[in-house]
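Have a look at the model first, then read on.

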Amino acid sequence: MEKQRSSFTGKLGFIMAAAGSAVGLGNIWRFPYLAAQYGGGIFLLVYILLAVSFGFTLMVAEIAIGRKTGLSAIEAYKKLDSRFAFVGVLAALIPTIILPYYSVIGGWVTKYLFSFIAEDIHVIAADGYFEGFIASSFPPIFWFFLFIAVTAIVVVLGVEKGIEKVSKVMMPVLAVLTLIVAVYSICLPGSIDGIKYYLLPNFSEFSYKTVLAAMGQMFYSMSLSMGIMITYGSYMKKEVSIEKSVRQIEIFDTGIAFLAGLMIIPAVFVFSGGEKSALNKGPGLMFVTLPKVFESMPAGKVIGAIFFLLVLFAALTSSISLFETVVSFFQDKMKWSRKVSCAVVVGICMLLGVPSSMGNGAWSGFTLLGMDFLSFCDFVTNNLMMPITAFFTCVMAGYVLKKGTLETEMALSNGSEKLYHVVIRYVAPVCILLILLTSVLDFLGIMKL
Ligand code: PHE
């Protein structure tokens with residue numbers, strides 16, 4: 001007999017929980033630096049196109065898989081078709097690799113919150129402050145440990161509900177504050193070139209790498225291809241519309257990412273004149289740019305502190321959902337107790353998180369495929385493992401399962417159903433294969449693009 005699953009209370013409960021997982025560092029930290037690096041407007045355009053087609057389809061499929069089976073990813077794939085059981089395992093491995101480096105960035109956010117409270121804003125906004133911080137060995141590790149400890153304590157004590165309650169208030173406030181800072185940024189003198197760069201697509205900047213980066217970002221930001229939405233779907237009540245919920249999560253998630261880009265990219269142009277090197281800052285972009293924006297604002301120290309507090313909450317709701325997924329993976333698969341599983345997850349975080357943290361400083365000489373350890377973990381999960389997981393999910397849902405298995409669960413409207421079928425059977429699998437193949441050929445130097 002299947003275990004009785006507790007359900008989210010109604011529609012809003014599901015949307016809030018799923019949005020809590022979706023909106024996180026991916027929107028505020030990761031999206032702007034990728035958009036800056038991959039050509040601005042062209043990245044934004046590709047991202048939005050992917051989100052409304054591919055992102056919508058996959059999220060609908062994953063939630064339907066969860067609600068149909070009432071199981072978490074590992075068991076769900078197995079139950080639907082035992083040949084696809086490996087996809088569940090792959091999906092569960094992804095958050096195991098993401099959580100450690102996510103927590104390193106969560107640590108940076110925590111550090112900035114404390115800096116805005118305790119330090120002079122001119123010091124934080126000065127050139128070299130961020131670089132000095134991440135290059136030092138002990139401080140980033142201390143903040144990383146603190147972040148992962150808070151995440152673990154919340155999960156072990158089972159007080160996620162409390163955090164969720166707080167974040168229900170914090171998330172809309174974060175959206176409003178991001179909007180305010182974005183409006184402020186675009187009003188700064190000299191921002192116009194940055195606004196143009198971010199909003200107007202320049203097709204000469206387009207390459208397969210734009211699609212690869214935007215696709216990885218879409219998975220990451222919408223918490224797709226790692227079993228999370230399957231688990232959430234398994235808790236979703238039957239009478240709630242999957243289609244409407246997905247639309248709302250998508251709009252919220254993409255909206256916040258868009259505003260975060262607007263908040264950061266024009267400001268990069270204002271403070272650096274839009275040099276290539278400033279746009280290519282990578283993971284540090286938000287930490288370098290935002291303090292300068294806050295410094296130029298009236299009451300910037302207070303606004304900066306509030307901003308980093310809100311981002312910290314967004315990061316925590318996401319890290320908690322990552323932590324939970326990995327813990328339940330060990331509970332289900334290895335049959336370990338919850339306590340032991342939590343301890344193992346913390347251990348894995350230390351093992352992978354410390355090199356991620358040190359890779360920006362003392363261990364920066366150690367690279368894999370030319371990347372520091374944090375970027376390597378990010379690349380392998382977002383640009384390789386997630387597309388592969390998504391590919392097999394599409395094949396299973398689009399070709400292998402009997403027609404109607406998931407469709408009745410989804411109950412899509414006519415137009416959406418057509419979109420779903422075209423994307424899950426043709427657009428998504430073909431697009432993923434082409435992109436992965438091109439990446440490999442490019443990497444091997446067989447084809448230069
Ligand atoms: N979607 C989250 C973000 O944008 C990251 C995340 C992925 C969280 C998967 C949980 C699970 O930050």
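A cavity is a set of grid points where a 1.4 Å probe fits but cannot get out. Keep that in mind, and remember that this model is predicted. So where does the ligand sit? The space it takes up is the largest cavity.

**Who surrounds the ligand**
- There are 15 residues around the ligand, and the closest are Ala22, Leu25, Gly26, Tyr102 and Tyr220.
- Sorted by class, this shell has seven nonpolar residues, eight polar ones and no charged ones.
- Four helices, α1 (10–22), α2, α11 and α16 (300–334), each supply at least two residues of the shell.

- Gly26 has a backbone N or O atom 2.8 Å from an oxygen atom of the ligand.
- A polar backbone atom of Ser221 is 3.1 Å from a nitrogen atom of the ligand.
- For Ser21, a backbone N or O atom lies 3.2 Å from a ligand nitrogen atom.
- On its own the ligand exposes 320 Å², and the protein buries 100% of that.

**The second largest pocket**
- This pocket holds about 740 Å³ of space.
- It is lined by 28 residues, and Tyr38, Leu212, Met371, Phe379 and Asn383 are the closest to its centre.
- Two or more lining residues come from each of α2 (25–37), α11 (208–221), α18 (373–400) and α20 (414–443).
- Which element gives the most to the lining? That's α18, with six residues.
- The lining splits into 14 nonpolar, seven polar and seven charged residues.

Terms used
Residues are numbered from 1 along each chain as its sequence is written. This is a predicted model: local features need pLDDT of at least 70, side-chain atom pairs count only at pLDDT 80 or more; totals for chains, interfaces and linings use all residues. Side-chain values use heavy atoms; hydrogens and water are left out. On a 1 Å grid over the protein atoms alone, a cavity is a set of points where a 1.4 Å probe fits but cannot get out, and a pocket is an open set with protein on both sides within 12 Å along at least five of seven lines; lining residues have an atom within 4 Å of a point. Grid points are joined across faces, edges and corners, and a volume is the space filled by probe spheres set on the points. Ala, Val, Leu, Ile, Met, Phe, Trp, Tyr, Cys and Pro count as nonpolar, Asp, Glu, Lys and Arg as charged, and the others, Gly among them, as polar. A residue is near a molecule or strand if one of its heavy atoms lies within 4 Å of it. A polar contact is a pair of N or O atoms within 3.5 Å; within protein, one must be able to donate a hydrogen and the other to accept it, and residues adjacent in sequence count only if both atoms are side-chain atoms. Accessible areas come from the Shrake-Rupley method with a 1.4 Å probe; for residues, only the protein chains shown count as cover. A molecule sits in a cavity or pocket if more than half of its atoms lie within 2 Å of its grid points.
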